[in-house]
Amino acid sequence: MRERARSLRDFTGRWSLQRVIEHADGTRARLDGHAVWSEDGEGQMQEETGALRIGDGKPVTATRRYLWRPELAVHFDDGRFFHDVPPFGGETAHWCAPDQYDGVYAFVSWTEFRVTWHVSGPQKSYRMESIYRRIDR
């Protein structure tokens, strides 16, 4: 049975966030934290906060904000367009000259979803997988 199409309202609330970043040079980073989607005018603000550890280094606090529009268009917090989220899951992309971002949304169940990005280009080369698990609604 195919999952139903996701809408912006489905993301509202608090999610745990685990992220692994594997760079082409072998460097690994891990972020453990949370993400919150909350009402923000015509859309929702996604705020991520967590402890980021690069290799064996000391953890640092990392934060990121995105603005999500009702049609599942994701924008950086400065208003620039980032990508569209496929409502049933699937592929998306973003060109950030000179690097290409190819992403896949996997809606495993509606208590968990994954986003995987493969980034390639002359400035960046890494794979990043983020796992979001529902904490509340």
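Predicted model: local features only at pLDDT ≥ 70, side-chain atom pairs only at ≥ 80, totals over all residues.
Let me begin with the largest pocket, which has a volume of about 650 Å³, where a pocket is, on a 1 Å grid over the protein atoms alone, an open set of points where a 1.4 Å probe fits, with protein on both sides within 12 Å along at least five of seven lines, and a volume is the space filled by probe spheres set on the points, which are joined across faces, edges and corners. Residues are numbered from 1 along each chain as its sequence is written, and side-chain values use heavy atoms, with hydrogens and water left out.

The largest pocket is lined by 33 residues, and Arg 19, Glu 48, Arg 64, Tyr 66 and Met 128 are those nearest its centre; a lining residue has an atom within 4 Å of a point. The lining divides into 20 nonpolar, eight polar and five charged residues, with Tyr and Met counted as nonpolar, Arg and Glu as charged, and Gly as polar. Strand β3, residues 43–54, gives the largest share of that lining, six residues, a strand being a DSSP run of E of at least two residues, numbered from the N terminus.

Now to the sheet, which is open and has ten strands in the order β6-β5-β4-β3-β2-β1-β10-β9-β8-β7, with antiparallel pairing; two strands pair if DSSP finds at least two bridges between them. Because β6 (81–84) and β7 (90–96) stand at the edges, each with a single partner strand, one side of each is left without a neighbour in the sheet.

Starting from β7, seven bridges join that strand to β8, residues 99–109, and Gly 90 stands opposite Tyr 105 in β8. Tyr 105 also has a bridge partner in β9, namely Val 115, and eight bridges join β8 to β9, residues 112–120, through a hairpin of two residues. Between β9 and β10 there are nine bridges, and their hairpin has four residues between the strands, with Gly 121 in the turn showing a positive phi of about 160°.

Finally, what does Ile 131 touch, leaving aside residues up to four places away in sequence? Ile 131, in strand β10, residues 125–134, touches Ser 16, Leu 17, Gln 18, Glu 112, Phe 113 and Arg 114, contact meaning heavy atoms within 4.5 Å. The C-alpha atoms of Ile 131 and Arg 114 are separated by 4.6 Å, although these residues are 17 apart along the chain. Ile 131 is buried, with a relative accessible area of 13%, where buried means under 20% with a 1.4 Å probe and protein chains only.

Notes. Buried < 20%, exposed > 50% of the residue type's maximum accessible area, 1.4 Å probe, protein only.
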